[in-house]
Amino acid sequence: MSALTQKPSFYITTPIYYPSDNLHIGHAYSTVASDSMARYKRLTGYDVWFLTGSDEHGQKIERAAQANSQTPKEYVDKIVDGFKRLWERLDVSYDDFIRTTDERHRIVVQKIFQQLYEQGDIYKAEYEGWYCTPCETFFTEYQLAEGKCPDCQRDVEKVREESYFFRQSNYADRWMKFIEENPDFIQPTSRRNEMISFVKQGLEDLCVSRTTFDWGIKVPFDPKHVVYVWVDALTNYISALGYGQGNDSLYKKFWPADIHLVGKDIVRFHTIIWPIMLMALNLPLPKKVIGHGWWMLDSGKMSKSKGNVVDPHVLADKYGVDAVRYFLLRELPLGADGIYSEEALVKRVNMDLANDYGNLLSRSATMMEKYQGGVLQSPGAPEGPDAELIDLAVSAPAKVEEYMSKCDLANALATIWQVVGRANKYLEETAPWSLAKGEQHERLNTVLYNVAEVIRFTTIMASPFMPNLPGRVWPQLGIADKSELQSWEACAGPACQLGPL
RNA sequence: CGCGGGAUAGAGCAGUUGGUAGCUCGUCGGGCUCAUAACCCGAAGUCGGGGGUUCAAGUCCCCCUCCCGCAACCA
C-alpha cells in the first residue's frame, strides 16, 4: 500500500565548481538549469534531491593560496562562501552542497581508492610527462606548442613521476556495450558520437595520483601520494549521498542519478571515466549525462584570464533574478553555444517578459477591474477563437513535459510563450473593450475568464524557471490564497479543463 | 585523406518517409486603443557552389569551397 503513496525519486547534480576564482554566468547557467529541472520535478510530483558543490583540491588552489599567504583551506573557504551566496541570490534550491574538503567526502574517496587498488584496478607505475620548470607545470605531449611550454613558450624537459594508474583500458569493451544498450545515456547525440570515437581510438590507463603537490586527499596506503582529480572529484556524486558511510539511506533512495548536468568541457570525464569507475566498483551507472554548451562573448570564449567574465551578481542586481534566469534558460539552445551580450538580455527580457507576458497580465487585469469590478464571472458557451486558445493552453503542459524530459529548457519556455502570444492575439480577436461598450456581458465574461485562465496556466508552467513569478501574479488574479489553483495538477491533470476561478 | 557536425530572408534558427519554404528578432507598410510607443495584421529568401537521379529536391547521389566540435591526465 505504501508504494502507492510513495513519490518517484529524482536525483540531479551540477558540476562541482573549482574555487580558483569567482563564478561567471556560464556556471550560473549550469546551476540555474539544474535548479529549474529540480523545481519542475518537485512541481510534477517527484521526490527530488538536488546536489551542487565545489571541487577544492589541486595544485592551482595550493599555489593561489600561497600567493595570498593563506592556507589552501582558508583560501577556498572564502571563495566557496561566495558560491553559496550566488546560489542563494539566484534562488537555487539545492538540497545539499558537497565540498571535496568535507570529511564525509574524504572517507569515501579513500575507501574507493583502496578498494580499486586491492582488486587490482589501480597499480603503481611511472607517469611520464613534460615539465616546464618556470611554470612548475606538467604537460602532455599533445598540450605542447611546437615542443615548447604552451604558457610561456620556453623549453620543457621530460620528467618521470611515480604514480598510480587506473586500469581504464580493461573496461573499454564493457563501456562500449553499455553505450550501445543505452543510446540516450549521453546527450546531446553529437557528444555521444565524439565519446564513442574517442574510446574507439583506444583507452590508455589513467593517472590517478600525484606527488608534486600536497593539497588533496592522501592515498591511504601510500601517503606521499595525493589522489588526483578524477577519483576525487567525480566521487562527490555518491559521497554526498552517504555512500560507504554509516547512514546511506539517501544513497539507497537516490542513486543512480537521473541526470548529471555538465558543461561540454567535462563531458568526457563524466561519460567515460566516471562510468568506468562505477563499473569497477560494481555500482549502478547514472541514467543520463547531459553536456550543455557554453556562453560565448563576441570577443570569444569567456575566461577568467581574459578578464571578460560576466558577473551574475551584477546582472541580478540590475535586472532581477527571474529575468536573468529566464534569459539564460531561454536563450541557450540545447547542446549548442550561445552568444551572451547585455543587449541580447535586455531585448529578450523586454520582449518576452515585459511586452508579451507582462503586458498580457497588465491589460487583462485592467479590464477585469474596469469592466467587472475585479470579480471574475463564470464563462458562457465557447465560440469563435475560444477553442483554439483553450486547446493550445490545455495541451501545453504535455509539451512542456516532453521537452523537460529531454532537458530542453529553452523549448519548454518557448512552448509556454506560444500560449502567451496566442492570448494576446485572442484579445485582439475578441476585443473585450468593444464587448464592454456593446453591453455584451456574457461574451465579455467568457473572454476575460479564458484569458485569466491562460495566465494562470502559463504562470504555473513558468514557475520552475522563474520562482518569484507566482508570488507576483497570484494576487493580481485574486487567487493568492487558493493553492489548489496553483499546482501542476491544476493545469495538467488527466481530465484537464479550464477550472473555475 | 584521423572521426563527426554544419552552410536556409539583415541576424539567430526549424524544416519528418522528396510534392506550393517556416519560426523569433530586425526592417518596411497597415490596424487597434484594454495595455508598458504596448498589442494585432501584412510584405521581403532562386535554401554555400557545381553536376546528377526524378514528373517533382532544401530534402536522395557525386564533386568543390568555407565554418565548427572531438582527437586524454588543464575542473
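Tutor: We will take the core, then some helices, then the RNA.

Student: Before that, what kind of model is this?
Tutor: It is a predicted model.

Student: Ok, the core. Which residues touch the most other members of the largest nonpolar core?
Tutor: Trp87, Leu90, Tyr340 and Trp417 do, in a core of 92 residues.

Student: And which helix gives the most to this core?
Tutor: Helix 18, residues 441-462, which puts in 11 residues.

Student: What is tryptophan 417 in contact with, leaving aside neighbours within four places in sequence?
Tutor: Its contacts are Tyr326, Asp352, Leu353, Asp356, Tyr357, Ala462 and Met466.
Tutor: Another core lies apart from the largest one. That one has 59 residues, including Val108, Tyr164, Leu241 and Leu281.

Student: New topic. Which residues of helix 6 are buried?
Tutor: Ala172, Trp175, Met176, Phe178 and Ile179 are buried in helix 6. Looking down the axis, the buried residues of helix 6 fall within an arc of 160 degrees, so they line one face.

Student: What sits on the face of helix 6 turned away from its buried side?
Tutor: Asp173, Glu180 and Glu181 are there, and they are exposed.

Student: And what covers the buried residues of helix 6?
Tutor: The cover includes strand 7, helix 7 and helix 11.

Student: Then helix 7. How far does it reach from its first C-alpha to its last?
Tutor: Helix 7 covers residues 189-200, so to speak 12 residues, and reaches 16 Å. That is close to the 16 Å expected at 1.5 Å a residue.

Student: Which residues of helix 7 are buried?
Tutor: Arg191, Arg192, Met195, Ile196 and Val199. In helix 7, the buried residues fall within an arc of 140 degrees seen down the axis, so they line one face too.

Student: What do the buried residues of helix 7 pack against?
Tutor: They pack against helix 6, strand 7 and helix 11.

Student: And what follows helix 7?
Tutor: Glycine 202, with a positive phi near 105 degrees.

Student: Where is proline 188 found?
Tutor: In the loop between strand 7 and helix 7.

Student: Is proline 188 buried or exposed?
Tutor: Buried, because its relative accessibility is 17% and the cut-off for buried is under 20%.

Student: Which residues does proline 188 touch, not counting those up to four places away in sequence?
Tutor: Gly291 and Gly335. Lysine 264 is 76 residues from proline 188 along the chain, yet their C-alpha atoms are separated by 9.9 Å.

Student: Where does the largest share of the surface near RNA strand B come from?
Tutor: Helix 14, with 13 residues. Helix 7, strand 8, helix 8 and helix 16 are among the elements that each supply at least two.

Notes
Residues are numbered from 1 along each chain as its sequence is written. Chains are lettered from A and ligands numbered from 1 in the order in which they are written. This is a predicted model: local features need pLDDT of at least 70, side-chain atom pairs count only at pLDDT 80 or more; totals for chains, interfaces and linings use all residues. Side-chain values use heavy atoms; hydrogens and water are left out. A nonpolar core is a set of buried Ala, Val, Leu, Ile, Met, Phe, Trp, Tyr and Cys residues joined through side-chain atoms within 4.5 Å. Buried means under 20% relative accessible area, exposed over 50%, partly exposed in between (1.4 Å probe, protein chains only). Helices (H or I, at least four residues) and strands (E, at least two) are DSSP runs, numbered from the N terminus. Contact means heavy atoms within 4.5 Å. The expected span of a helix is 1.5 Å times one less than its number of residues. The arc is that of the directions from the helix axis to the C-beta atoms.
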